Every structure is written in C-alpha cells, then in structure tokens.
Amino acid sequence: MVRPDSTDSPRRRIVEAAVELLEKGGPDAVSTRAVAAAAGMQPPAIYRLFGDKEGLLEAVAEHGYGQFLESKRAQLDLAPEDPVEGLRRGWDLVVEFGVSRPELFAVMNRATGRGVDMAHRAGLEILYGRVRRLAAGGWLRVDEELAAQVIQATGQGAVTTWHSTPADRRNPELLAILRESMVTAITRVEPTVPATETGPAAAARALRAALPDDADVLSDAEQHLLREWLTRLASDGGARIPDRASGALAQIGPPEEIV
C-alpha cells in the first residue's frame, strides 16, 4: 500500500512529475532519469523511495486512484435520489476519466491487485454501495456481484474501444448506447417483482441488500444463515431451499442453542 504524501514531500513531487511525463509521452517517457530531472532530484532518490520503476508506476496508479476517488466522493454529495440515474452518472464518471486520461487509466488498471489497494478498494466500496441501493429498492434484475461486474466491464470496454478507434471515427453516441445497454441489462423499468419471474429471486435480492450488518434481533449465526438462504434464493429462485434449510437447522439446533 502506498503511503499518503504531503503536498510538498519529495515522494509527492516525484509521483506528480511521473504522472505529467506519463500523460504527455506514455509509459516509455517515465524513465527514472527523466522523472528525477522533472522533479528536481537525483535518480537514486527514486530507487530509495520506490525500489524500481515498477514501484514508481504503482505509486502513480495509487495517485490516480486517489484523484478519481475524490471526484467520485464529490459526485456522491450531489447524487440524485433516483438510484438508476445515480448508476448512469457513476458510469459516466469512470468513462470520462478513462477517455480524458488514457495513459493514467491504463496504468491504474494494470496495477490493480499488485499492492495498489487502498484507494481502489474505496472506489469499489462506492460501486458496491450503489449496486446495493439498487438491489434494496427492487431495481436489480441480476445478482449484485454480476451487476458490479457488468458495470465495470462495460465501463472499461467503452474506454478501450474509444481509444482503439481512429479519432475521425469516434462517435460519442457509442458511449451513450453502451451505458444504456448496461442499465437495461441489470435494472428493471420499475422496481417491482414482475409476474413473469418464477420464484422469489428478486425479492430475496432486495431483502438481502436491505439487511443491516449489525441486526441486533438476530445472532451472528442466524444472520449468516439468513444471508446464505437469501443468496441461494436470489441466484436460482430457491427451488432447493427447503431441503437445505432443514439440514442446516438440524445441524445448528433449535434457536436457543444458536450462539
């Protein structure tokens, strides 16, 4: 995990110099010598602070995630009451960042999972919070995990497609169509359980999303069991729940024995 830096620290100056070189000339422009010169420091300082160029690029990615996270949090303060409209705005924010800052966006994606976790995880928490609100309101037509994957995949795919298309053939309508396709794929027109859906899958998704993390009325074991049942119901309509539920209750005993 990359340490937070003060605005005038040597580490911060090096990272900001690297970001500027990256966005002007791509990854090849981010040599230790060039970065050191741009930051007004000697090359050994980079090795001392970051280990090597890969360590520097991870710090650059963390810096990018931090900037992006600030914009996401600012957006939350202005979030609309309609959760579906909030989904659209969140998707647009990701795509606009990737379209306007392609080199940094690419480095951020490559670094994900290789130590650049703090800001990235915070961003994911915002994403999953948005998906959870959709589920709690009865808007989701798919499981929360799948919905989050669709949102991420379409956003990253939109950015990749945009930059791989010659500039004279880029059409902003592509981004709008991809966004609306994503919205249609994971949300309902109205937040209700449609009559055509068999089983209580949609209701289970909504109830699972609405459950508080610290419901005092249930013990930890009861909460775990309830979430397990709701997950099964949400995924396949609960066709096999009765037998499984009986077995689970037999193993943990009557309510007074649940700890």
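Histidine 63 is found in helix α4 (residues 53–77); helices here are DSSP runs of H or I with at least four residues, strands are runs of E with at least two, and both are numbered from the N terminus. At 16% relative accessibility, histidine 63 counts as buried, a term that means under 20% relative accessible area, with exposed meaning over 50% and partly exposed the range in between (1.4 Å probe, protein chains only). Leaving aside neighbours within four places in sequence, histidine 63 is in contact with Arg12, Val15, Glu16 and Val19, where contact means heavy atoms within 4.5 Å.

This is a predicted model, in which local features need pLDDT of at least 70 and side-chain atom pairs count only at pLDDT 80 or more, while totals for chains, interfaces and linings use all residues. Residues are numbered from 1 along each chain as its sequence is written, and side-chain values use heavy atoms, with hydrogens and water left out.

The chain as a whole has 12 helices and 0 strands. Of its 259 residues, 41% count as buried. The chain exposes about 14,400 Å², of which carbon and sulfur atoms supply 55%; accessible areas come from the Shrake-Rupley method with a 1.4 Å probe, and for residues only the protein chains shown count as cover. Among contacts between residues at least 6 apart in sequence, 67% join residues at least 24 apart.

One of the residues that histidine 63 touches is Glu16. Glutamate 16 is found in helix α1 and is partly exposed, with a relative accessible area of 34%. The C-alpha atoms of glutamate 16 and alanine 38 are separated by 9.3 Å, although the two are 22 residues apart along the chain.

Just after α2, glycine 40 takes a positive phi of about 70°.

Helix packing comes next. Two packed helices are described by the angle between their axes and the distance between the axes. Axes are lines fitted to C-alpha atoms, for helices over the stretch in contact, and angles run from 0 to 180 degrees between N-to-C directions. Helix α1 (residues 10–25) packs with helix α3 (residues 43–50) at an angle of about 105°, and their axes are 11 Å apart. The two are therefore roughly perpendicular to each other; angles of 65 to 115 degrees count as such, those under 35 as roughly parallel, those over 145 as roughly antiparallel and the rest as oblique. On the α1 side the contact is made by Pro10, Arg11, Ile14 and Val15, and on the α3 side by Ala45, Ile46, Leu49 and Phe50. By class, this contact has 7 nonpolar, no polar and 1 charged residues. Ala, Val, Leu, Ile, Met, Phe, Trp, Tyr, Cys and Pro count as nonpolar, Asp, Glu, Lys and Arg as charged, and the others, Gly among them, as polar.

A second pair is formed by helix α8 (residues 144–164) and helix α9 (residues 172–186), which pack at an angle of about 170° with their axes 10 Å apart. That makes α8 roughly antiparallel to α9. Ala147, Val150, Ile151, Thr154, Ala158, Thr161 and Trp162 in α8 meet Pro172, Leu174, Leu175, Leu178, Met182 and Ile186 in α9. The residues of this contact divide into 11 nonpolar, 2 polar and no charged.

Leucine 175, in helix α9, is buried, with a relative accessible area of 16%. Its contacts, neighbours within four places in sequence aside, are Trp91, Val95, Val99, Ala158 and Trp162. Leucine 175 and tryptophan 162 are 13 residues apart in sequence and 8.3 Å apart in space, C-alpha to C-alpha.

Glycine 129 lies in helix α7 (residues 118–136) and is buried, with a relative accessible area of 12%.

Beyond α9, glutamate 190 has its place in the loop between α9 and α10 (201–210). Glutamate 190 touches Gly138 and Trp139, not counting residues up to four places away in sequence.
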